[in-house]
Amino acid sequence: MSGLKYIDNARKILCIGRNYAAHIKELNSAKPQQPFFFLKPSSSILKPNSGPFLVPKGTIVHHEVELGIILNKTLSNLPESFSREEALDCIDGYALTIDMTARNVQDEAKGKGLPWTIGKGFDTFLPLSQFIPKSQIPDPYDVELSLSINGQIKQKDKTDLMIFPIHKILSHMSAIMTLEKGDLILTGTPKGVGPVVPGDKIKATITAGGNVLNDATIEIDAEQKPGPYEFKET
């Protein structure tokens, strides 16, 4: 698959929440008993080399670096016995992703029992890498995710720290909604999330089996989002 074609093929973007214990702790969240997930709109995608990341006025934005998986088949009502090997057979390839989150917008929504859509769905809130062929990541649990702001590393952890592995994610999701070929699934973020402000330079890298996948590096500049929106807590 060509480098960016996977982005146009994604019917849905599904994101697993709270899948790394230390990240749950740093946000003072409750550990989920089963995977839970939310959706991001395709309009939130920021393709490589297509402009800056935009910080909406009045928001406190946090970076969340994640491993994304791209499905090669449609999945529905998978049994709980769905195995790790079966899950790997369903993966077409991978992507390095950043699930940007307007944390104060999300926190207000949480406090009022409202959906998180706004806090996760602004334009440019999903920077994506080039497509990573499956051959470059023989083991998705032997991957290191790293994110730096202005040259200072903020997040750096291995994917073997996931609470819910990929086969459990897929079986749970597919029992709720059909997962379609091409769907992009974000598998959660490790600890170290923190603020991104206009003027910041953001760099995310992915290492598999000890090798940095240079073609999948994300490098973006943060700027103030133009337009009328300004978040004001009520």
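1. The lining of the largest pocket is made up of 8 nonpolar, 2 polar and 3 charged residues. The model is a predicted one, and the pocket has a volume of about 190 Å³. Of its 13 lining residues, those closest to the centre are Val105, Glu108, Ala109, Ile118 and Phe231. Two elements, H4 and H5, each give two or more residues to this lining. The largest share, 4 residues, comes from H4.

2. Helix H4 spans residues 103-112, and its buried residues are Arg103, Asn104, Val105, Gln106, Glu108 and Ala109. Residues three or four places apart in an α-helix point the same way, because the helix has 3.6 residues a turn. The cover over the buried residues of H4 includes helix H2 (21-26), strand S5 (61-62), strand S8 (101-102) and helix H5 (117-121). After H4 comes Gly113, which has a positive phi, near 70°.

3. Phe38 sits in strand S2, residues 36-39. With a relative accessible area of 13%, Phe38 falls under the 20% limit and is therefore buried. Leaving aside residues up to four places away in sequence, Phe38 touches Ile13, Leu14, Cys15, Gly17, Asp99, Trp116 and Lys120. Ala102 is 64 residues from Phe38 along the chain, and the C-alpha atoms of the two are separated by 15 Å.

4. The structure holds 6 aromatic pairs. One of them joins Phe38 and Trp116: the ring centres are 5.5 Å apart and the planes stand at 50°, so the pair counts as tilted. Because Phe38 is in strand S2 and Trp116 is in the loop between H4 and H5, this pair ties together parts that are 78 residues apart in sequence. Both Phe38 and Trp116 are buried.

5. Phe122 and Phe125 form a further tilted pair, with 5.1 Å from centre to centre and 50° between the planes. Phe122 and Phe125 are both buried. Ring pairs also link these two residues with Phe53 and Tyr229 into a cluster.

6. Two points are worth checking in the viewer. Which element gives the largest share of the pocket lining? That element is H4, with 4 residues. Where does Trp116, the ring partner of Phe38, lie? Trp116 is in the loop between H4 and H5, and H4 and H5 are also the elements that give two or more residues to the lining of the largest pocket.

Notes. Residues numbered from 1 in each chain as written. Predicted model: local features only at pLDDT ≥ 70, side-chain atom pairs only at ≥ 80, totals over all residues. Heavy atoms only, no water. Buried < 20%, exposed > 50% of the residue type's maximum accessible area, 1.4 Å probe, protein only. Contact = heavy atoms within 4.5 Å. Phe/Tyr/Trp six-rings, centres within 6.5 Å; stacked < 30°, edge-to-face > 60°. 1 Å grid on protein atoms, 1.4 Å probe; cavity = no way out; pocket = protein on both sides within 12 Å on 5 of 7 lines; lining within 4 Å. Points joined across faces, edges and corners; volume = space filled by probe spheres on them. Nonpolar A, V, L, I, M, F, W, Y, C, P; charged D, E, K, R; others polar.
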